[in-house]
Amino acid sequence: MKSTNHGRIGVVVDHCGGALSSLLDEDMIQYVAGLPQVVSCHHDEDLLSSGGLEKFNDRWKETRIDRLVIVGASPKVYEASFRRVRETGRLNPYMILVANVREQVLWAICDTEQAKQKAKALVAETVRRAGCLQPIGREKTDVSRHVAVIGDGVVAMKAALGLADAKIPVTLVTDSHPIGEDMTELGHFHQGPADPRGWWGEMVERVKSHPELELKTSTDLRDFEGSFGDFQLTIETPGGTLETIRTSAVILAMGYESAPQREAIFGSDRFVPLSQVATMLETDRPGQVDRKPAAFRTVGFVLDLVNEAFPIDSANAIRHAISLRRDHDCSVYVLCRDVKVSLQGVEAQYRRAREVGVVFIKYDDPPRFSFVNGQINMDVKDVSSRMRGDEYTLSICADRVVLNERFLSSKRSQTLAKALGVPLDREGYAMVDNPQFGPVKASRRGVFVVGGCRYPQPMEEALTEAEAAVLEAKQLVSRKEFGYDLAVAEVDPAKCALCLTCARVCPHSAITIDRYAEKNIYATDGYGREMTWDAARVLPVQCYGRGICVGSCPTKAIDLKHQTDHEISVHLTA
Amino acid sequence: MTSFVPRIVAFCCDKSAYVAADRAGRLGSSLPASLEIIRVPCAGRVDVIHVLQAIEQGADGVLVFACHEDNCHSLTGNRVVQVRIDRVHRLMEEIGLERERLELRHVASTNGAKFAQIVERKFQELETLGPSPVR
Amino acid sequence: MKSGSKLESILTKGVFAVTAQLDLPKESDVSMIETRAEWLKENVDAIGVPDNQHAVVRICSMAGAAVLVRMGVEPIMHVVTRDRNRIAMQSDLLGATALGIKNVFCVTGDHQSLGNQVDSKNVYDLDSVQLIDCFRTMRDKGTFLGGTERIERELGLFIGGAANPFADPLALHVIGLAKKITAGVDFIQTQSVFDMDRFKEWMGMVRDRGLHENVYIMAGVTPLRSAEMARSMNERMPGMTIPETLIDRMAKAQKPDEEGIRICVDHIEELKEVPGLRGLHITAVGWEDRIGQIVEMAGLLPRPMAT
Amino acid sequence: MIKVEQKPLDEILGFLEPYKKIVLVGCNACAAVCHAGGEKEVGILAAAIRMARKKAGQTLDILECCSPRQCEPEFVEELKEKVDDAEAILSIACGVGVQTVAERFSDVPVYPGINTMFLGETERMGVWVERCQACGHCILHLTGGLCPIARCAKQLLNGPCGGSQNGRCEINRDVPCVWHEIYDRLVAIGQVQVLEQFVPAKKWGTESRHAGPRTLTREDLKR
């Protein structure tokens, strides 16, 4: 076991503006000062007050301490000022430990005697642990002013344009050629721009002509390496040649796919996929001067047989239902488990739909379908009527039944996400680091994920995400360099068995297998030869220092620099 | 018989449970004096060996606190630790230790009261269970 | 004539051959073999005696075959490669020949994990194709496997092998059959036929390669006794597939046993018409007393005498 | 690589019953890669054994150590000091490593903490499957790169048995029939004709599995 018997520890007792005064009395100060390795003990009124930190500089000089234990409030309170310490003082911020006496003792334990005992134990333990600390340096990495956007559709275009407009050189890598030809995505809008085709055309034109935007069409991603600030993106051009793009950050902007329900009776042409409703209106009423489609009078929408979780189908169905009812004088029934009105404006639209006479039926058991005289008969039990106690089945005969489509994550976006080191969820959608705190940030630093490849969403939302990603990426690459503490995991290459576990478990794609080298000074031929071997290596820029790999390593070759296994072990050994 | 005070070691994720623990006191909940809080950057930092070490060093119970499902700040940390805890549970069964002595709990950073409640319940549970046989 | 066996002479003459399977007892008392052989004697050309089928311990097939020889009935001795290495199998063959056994049937055998000795170690020193090759070498070259040492007396031997027309991929199993022919198999008995279409498809592929001209192919049939039996065979017997329509027919029948026999006879009638098929192998699974009736109903009686 | 699995704790405790002081030796090679015998597992197993003994009211002194590769005599030699102090050795290396240790320390009882399973590959993290039986006569060129010796329950060399159905083995419907896979693979690479070739009886003999320990000598390396 490593010796902890080194280091000169200084203790600062923070009274937190008097709150801790009763607990941290003279007896306590004496106790603390008497702990092994403690060379100085000061008590300040309020450590966090302005100038509180500056006072230390002088004292450190006097006592020549090399590590510090603060007895006071929660470390969370002090941590921001630790960063300042790095700039102003000579003490490394990772050489400071905090005994959280305020939160964990003063506020949590009522009995005074018990609290005093606990405070002593807590401080003693912290002081013991302080012996394990090691200073941690800071590293910088150059960040080139360049972002790559990978994606085939309008969201990718939007993101690329957003960056280009901010004068950040951007490369748009897409496999479609020519870009902007396929306009099916216009159907993914929930409200959409006033003149969709015009809006679209303008966007495509700008993408093609923007001076900051380099367009790589018909290309495929072959390889992705490096770390934030210096990613190497290898693409295959239509000619089959490989080209490497060096970039600081990458935005993956892909869509989702949908497949019409075609099982059994749904294969009949009387069932229309939701996305085809507009086409149905065009083709099924040839020569109708009165704009009333003769081919169908009654239309049923059946939702929630698939994709129950997404609100976009409800919005689209309601919009079409209103139009069919109002503009084409059809009888319209919407059958669903729930009307989902979470998207903007859908609540009002739903009310509108009811006003114009669209009938909504809420079901628990899926409706049963059969053909009756060329129409489709739907037998359904209305749950809302059941609440009133009328337990009977409604039979609705419709000329057309509109079904929502099954949403799928596209194989291509899955492949791309995997190549970029973005984890996929169970359905194959790309996952972001934390949906609440970083909704477009992938777990790999410098990689962003937006659009339908995350989950099926209306185009409005996807475009907003694109904007968010542009903001984030802009912020990252606007600085010339990215500074970070080396508070990361570290591999001892000599112990690594190359089992790949760490690389497999790391959620941040921060571990690669790398070639290590060292001079072999024992070479018998008298020449110092380079000895090389493969082992796992942590890319400090990518590492978040959470230590998942550390616990996974079967040879204990990895340790977390700012919280070593040894430190935890010292903590546990009372 | 002298009264038995269970010793609990709680591994607290810095992003959630550690903050919740801070908050517990602020809300006026009390925590047992025998609670030892170990702050980890992510529940995924906690390994089988740490838990075993805690028990071997005399803890009557071990609580591992992780972020809620799908809300881990390291994406998979809470799932990784789950399988490690499962492994320790199997080992405990082989050793002959009650599985109640170790539990993985999920708590949000804002939920100080829940943190205090979980610790309190575990404390009571351990009081009934008695001291760890390997203490 | 390679063996001088009755089965070989019948097949060579182009007569539609009929054989049956006799399950051996799990005891040393052979009276059960004798009783059943009596039932079969006049109705079939030869009787197959399995070698610990389904990996369940029974009286050994050589002893069973010897009992039949003693009764004047021609046996087909099964040899599985699961339980014996090449030393034992070659030695057994010499012994069997000495006892007057002329037909052998070479198969790999069901895996021991399906039987009543799941913890045993399997041997599989040879696979069925290699065993066929081994026996052919002993007969035709007059040497033991992989050696030059002469076997003094010529061995009269008619070598059989199995084929499964119902396993997939079909093409792979046709290749397997071709391989057995290359290795020297003389006759083939197939898995019991329930799915006639599939069987005909397989026979078509066999004819396309001209394999039927190099080997005597005998189709397996099994009379079903009940829908339950059919279902359990489907589940438990490796390589067995009974179509749902047949099971349905059995389930709906007033008298399932007669229905089963009817189906079996119908199948035989249909099989007789399949080009390239040279005979029939009836596995009655404990219903050996009804085989006579089936053969008679199918118009295959009387059986020819040995020459 | 060699795939191994830790023995149940009960069995290990049974071995160690008579002893008061043992040395627990791990191996940082194959056994570590399948998370059963590396430095980490040494720590876990030692803690578990100590606790189980403590619960039973006895103590056991465990010296923990780990060899970079327990099948190399030089590395095993390094254990000498620790072994000298101990009454017994518990090794969590594969069967090879246990024997290297036993050979070196001929007067100390050596116990295996691991069951050596097979030579296999990682199917996915935490799942390993057998791929080779080290038979000494590789025929993968005839079988599309998939080994029927290791992956067929009957080690058939001339195609599937009759029990294979829907691409599944007769012993268990969860097990794929390797011959079906071989066929698919040969179709994919346009080499089905290879299957027509008769593979003669395998030489299990002196160079293979059934003739006592095999020795591999490389004249150019031999010392």
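**Chain C overall and a sheet in chain B**

Chain C contains eleven helices and eight strands. Its radius of gyration is 18 Å, close to the 19 Å that the globule rule gives for 307 residues, so chain C is as compact as a globular protein of that length. The model is predicted.

- The C-alpha trace of chain C spans about 60 × 45 × 45 Å along its principal axes.
- Buried residues make up 52% of the 307 residues of chain C.
- Among contacts in chain C with a separation of 6 or more, 80% are between residues 24 or more positions apart.

**Chain B: the sheet**

- In chain B, four strands form an open sheet with parallel pairing, in the order β2-β1-β3-β4.
- The edge strands of chain B are β2 (35–40) and β4 (102–106), and each of them pairs on one side only.
- On average, neighbouring strands of this sheet are turned by 20 degrees against each other, direction ignored.

**Chain B: pairing of β1 and β2**

- Strand β1 (residues 8–13) of chain B runs parallel to β2(B), and six bridges join the two.
- Cys13(B) has Val40(B) as its bridge partner in β2(B).

**Chain B: a helix across the sheet strands**

- Helix α3 (residues 77–95) of chain B lies across β3 (61–66) and β4 of chain B.
- This helix, α3 of chain B, runs at about 165 degrees to β4(B).

How values were computed. Residues are numbered from 1 along each chain as its sequence is written. Chains are lettered from A and ligands numbered from 1 in the order in which they are written. This is a predicted model: local features need pLDDT of at least 70, side-chain atom pairs count only at pLDDT 80 or more; totals for chains, interfaces and linings use all residues. The radius of gyration is taken over C-alpha atoms; the globule rule is 2.2 Å times the number of residues to the power 0.38. A residue is buried if 20 or more other C-beta atoms lie within 10 Å of its own, exposed if 12 or fewer, and partly exposed in between; C-beta atoms are placed from the backbone. Two residues are in contact if their C-beta atoms, placed from the backbone, lie within 7 Å. Two strands pair if DSSP finds at least two bridges between them. Axes are lines fitted to C-alpha atoms, for helices over the stretch in contact, and angles run from 0 to 180 degrees between N-to-C directions.
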